[in-house]
Amino acid sequence: MLLLLSLVTGLALSASGVMTEKETGPSQELFRDIQKKVNELWQNLLYPVMPGNETAEMIYATCEMKPSSKIDADKPQVTGQVLFRQHHTYGRLEAIFSLDGFPLDNNQSGRAIHIHELGDLSNGCDATGGHYNPFSVNHPRHPGDFGNFFPKEGKIRKYKTNLCATMFGPYSIMGRSVVVHEQEDDMGKGNNKASLENGNAGKRLACCVIGICNKNLWEEKLSEVTDKKKRGLNKRA
């Protein structure tokens with residue numbers, strides 16, 4: 001498939017090279033049609049549409065969180081899911097964080113969650129590399145710097161929108177990892193090198209690899225998160 005696409009792409013580029021700006025009519029229309037089909041082939045190859053994942057050109061992804069094999073047994077054993085959704089043409093990334101296994105104390109400090117460069121879990125979460133930082137900027141301006149999350153009753157249930165990361169193009173987060181850290185993110189204000197690299201967020205409690213999924217899981221978890229928020233608002237009313 002890759003060889004065929006490369007050949008078709010090469011032919012399309014060759015055709016464009018011999019055409020002049022003055023050329024119009026059937027030849028130019030044919031080239032445009034070929035170019036469109038090549039783009040569609042590449043899109044389908046790189047970002048295949050899974051059954052149930054085709055609504056309004058949305059793409060959905062999941063990350064099945066598991067405790068790191070490198071943490072001590074007395075540390076929080078975090079499990080759950082981080083889900084993503086994005087319109088492939090223009091949409092900003094959305095995410096649902098549905099995580100369990102934190103202490104039941106509601107007064108605990110926040111837990112930092114970030115996207116890391118590698119989807120390698122061969123050495124627990126230590127093999128995931130540093131923060132995903134394709135633009136070589138300081139923390140907290142990395143695409144996957146999601147900030148701090150404050151567990152309640154041992155759980156994190158959070159829906160976030162307008163995130164800077166993307167599931168498409170050369171800077172896609174697909175195949176990379178999401179890491180839950182032991183400590184709170186200092187948001188780059190720690191006055192040291194580590195603060196500008198990772199927010200001094202501490203050990204890696206749990207991690208997972210981002211992969212494509214269908215829309216059903218997203219809709220289930222979104223309903224769970226939004227219903228819980230509504231119940232909380234009703235209690236305060």
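Strand β4 is largely enclosed by the rest of the structure, because 6 of its 6 residues are buried (under 20% relative accessible area, 1.4 Å probe, protein chains only; strands are DSSP E runs of at least two residues, helices H or I runs of at least four, both numbered from the N terminus). The model is a predicted one, in which local features need pLDDT of at least 70 and side-chain atom pairs count only at pLDDT 80 or more, while totals for chains, interfaces and linings use all residues. Residues are numbered from 1 along each chain as its sequence is written, and side-chain values use heavy atoms, leaving out hydrogens and water.

Both faces of β4 are covered, with Arg111, Ile113 and Ile115 buried on one side and Ala112, His114 and His116 buried on the other. Its partners come next. Antiparallel pairing joins β4 to β6 over 3 bridges (pairing requires at least two DSSP bridges), and Arg111 stands opposite Phe149 of β6. With β8, β4 pairs in the antiparallel sense over 4 bridges; here His114 faces Val179.

Overall, the protein chain has 4 helices and 10 strands, and 38% of its 237 residues are buried.

Definitions and conventions
Buried < 20%, exposed > 50% of the residue type's maximum accessible area, 1.4 Å probe, protein only.
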